[in-house]
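Okay everyone, thanks for coming.

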Amino acid sequence: MFRLGTWLCVLVEVISLALSLSAQQTPAPAAGVIVPPVVNFSGQLRGEDGKPLNGTVGATFSLYKEAEGGAPLWVETQNLQVDKNGHYTVALGSTSSQGLPVNIFSSGEARWLGVQLQGEAELPRVLLMSVPYAMKALDAETIGGKSVSDFVLAQPGSGPASASHAGSTRNSSNNSINPNVSGSGTKNFVPLWLSSSKLGDSNIFQSTSGKIGVGTKSPGAALDVNGGGDIRSTLKLFPDGSKPALTVSGTDFSVDKTGTVKFVSGQTFPGTGTITGVKAGSGLSGGGNSGKVTLNLLQSCSNGQVLQWNGTTWVCSDAGTGTITGVNTNSGSGLTGGGNTGTLSLSLVKSCSNNQVLQWNGSSWVCSSAGSGTITGVTAGTDLTGGGNTGNVTLNLDTNKVPQLAAANTFTATQTVSTNSSSPSIIVNNASNGDAISAVSTSGTAIIATSERDTNFFPGLVGASDGINTQTIGVSGYTSSNIGMGVYGQNVLGSSVLFNNPYAGVWGDSSDGEGLLGTSDNYLALQAINNTDLFPTVLLENETNDSLFGQLLVAFDSVVGGACTIDSEGDLSCSGEITGGVALVDNNTRKVSLNAVGATEDWYEDAGSGQLSQGTASIRLDPTFAQTVNTGVEYHVFLTPKGDCEGLYVDHESPRGFEVHELRHGTSNIAFDYRIMAKRRGHENVRLADVTQRMRIPSTAIHQPGARPVHVPTPRQILGMAPGHPAAAAVPVAKVRAVERK
């Protein structure tokens, strides 16, 4: 199929008519010979790239009354023979024995020619010149398309039958009319010569709309054949741009204008396979369920990566970066072989004498004779290890049973130290920067310290640090679990605390510092949870009697600078916004903040509704609200009418209520809303109160703005396992990991 652009150079060069246009110009044709009228049409075709087309191209020619739109008056399809320059010439009407219909030009109106190449949209129409209209002038010289000489008088005495047939004296001519024709016919059926003188119905039917039916009197298309057919040559289809070239009624099967076949659902093909699609699996891409499908290896890997099986699927992975180019065996290595090409082999040296062995002499492996003594074996005795019956054997103390004074010892059984002294039972000194005691347990508690002394505030375990110039730690607790606790304190029987509360899991106390300090880099520094409806989760108490400087709670951000305080009188002050609440919106999918209204003075508000009666109403304040404010001083009322009136005003304000009247002595009975603002009782003279002291931040806070948070060392650091630490070899790494893991 040619893919053509919309460029068409058309030149109507020669228009030739096979019949005379006028008696003065061309001799009349021979009697009885009708030459079909045709019109020569020439043009040039170029492709989308501007180059001329050549070869055979299918084209449909149509005549129209309009330059654009409208139904065609005449349609004809021909195969064009296009030369190497893209030129072609076609005789319009040559595919029909009747040629171009003369009545197309009978009105003398303009006619437009449209050209549509196979598989393309119709090209812009071309206005025909005046020559084709001359065919109508020629038609005027005929009667019903026949020459006047075809109509002669019948011979006398020939009877009624000869009166209806002209030219009875020309029976010898092929175009003569036989006066003795018999037979009958049916309307709309194409007649068939049953013999040389008898007519009858053929199997071809033409409806009043011009549709042709073969074997049917109800054609559903321009050509409707009821029955099978054989085509003994090539069947060439010229579909238009919007319809398929071939379809099968009642199915989805079709062949579009490009030749692409659409098969029906469930279509099967020769053979036993029933593949309906190819799906790309792990490590592949592509596939499909129609046409020719393609599978490729994944193309989403980065440059240099390879596909690697991870046990479940193929994934992109970085290839090995090794650059081994050869394997060498050095002298003294005890090995032979190696190389840099092919399959390499390594083996022990084979130059030793019989019964010799490879022995390390301190720098290389050498052949050596085995010992020649007569000892046949050494067995390790009590608390010893080693021995053997070949070669040089060694005996050692079993350090799992015998401790060594100048070495680190590991005890696997329970050890008991019993004393009866006022001095400590065990004293451990470490003169370096290592730990005095390191205790590890894989499934239990590493250290349990118990005191059976029943004395107030006598501890079961004391942690102390003698450092006085740095932020030292008396007791440090650590856990590697993200849901564990570094330090856990539990009260079982109760103990006395300073504020007469005999029950506490952890008590923090200080005379001049933080009683309790919690810090965290990435989570809550302090969390409090209880499970009772009798007591609050957190109780804050300040026993100062200073109402100006006493503070219960100070919350601040050392970087941003925002802060909130609650003082001893219960007043809340914040440097930022104080929200009035949080509301759910968007079907409870979002929460929005509702800010509290700020004011320069301490106002309380109330709102309500009323109803005028003949232009007046009396409003009584809510008794409870009236107790919270001082209505003995000036308060404000704001009115909102709920209907048409002259306007509203407030009168006769008193501690108990007020009156509402309509302006201009109006007598309306409308409803109205009101809002009242009154001074908080006891705060009548407060306006823009100075809270500078109330908002102060304690100067003793550890984490001052800009300072780094205090960092508690990890067990690895506590146990002296930091890289390069002198005591790194004192505690096995596996034990440290056990502590961190547990």
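**Cysteine pairs and a nonpolar patch**

Let's start with cysteine 564, which is partly exposed because its relative accessible area is 27%. Here, buried means under 20% relative accessible area, exposed means over 50%, and partly exposed is in between, with a 1.4 Å probe and protein chains only.

Quick housekeeping: this is a predicted model, where local features need pLDDT of at least 70, side-chain atom pairs count only at pLDDT 80 or more, and totals for chains, interfaces and linings use all residues. Residues are numbered from 1 along each chain as its sequence is written, and side-chain values use heavy atoms, leaving out hydrogens and water.

Back to cysteine 564: what is it joined to? Its disulfide partner is cysteine 574, with S to S at 1.9 Å. The rule for a disulfide is a pair of cysteine sulfur atoms within 2.5 Å. The S-S torsion here is about 120°, so this disulfide is right-handed. Cysteine 564 sits in strand β29 (residues 563-567) and cysteine 574 in strand β30 (residues 572-574), ten residues apart. Strands, by the way, are DSSP runs of E, at least two residues, numbered from the N terminus.

How many disulfides does that rule give? The count comes to three.

Next up, cysteine 301 and cysteine 316, with sulfur atoms 1.9 Å apart. Their S-S torsion is about -85°, so that disulfide is left-handed. Cysteine 301 is in the loop between β18 (295-297) and β19 (305-309), while cysteine 316 is in strand β20 (residues 314-318), so the pair ties together parts 15 residues apart in sequence.

Then there's cysteine 352 with cysteine 367, S to S 1.8 Å. The torsion is about -80°, so this disulfide is left-handed. Cysteine 352 has 22% relative accessibility, so it counts as partly exposed, and cysteine 367 is partly exposed at 29%.

Number the bonded cysteines in sequence order and the pairing reads 1-2, 3-4, 5-6.

Last stop, the surface. Val417, Ile426, Val428, Ile437 and Ile447 make a nonpolar patch of about 470 Å². Patch residues have over 30% relative accessible area and no salt bridge; nonpolar side chains (Val, Leu, Ile, Met, Phe, Trp, Tyr) are joined within 5 Å, like charges within 9 Å. A salt bridge is a Lys or Arg side-chain nitrogen within 4 Å of an Asp or Glu carboxyl oxygen, and areas come from the Shrake-Rupley method with a 1.4 Å probe, where for residues only the protein chains shown count as cover.

Is isoleucine 437 buried or exposed? Exposed, because its relative accessible area is 56%.

Key
Helix = DSSP H or I, 4+ residues; strand = E, 2+ residues; numbered from the N terminus.
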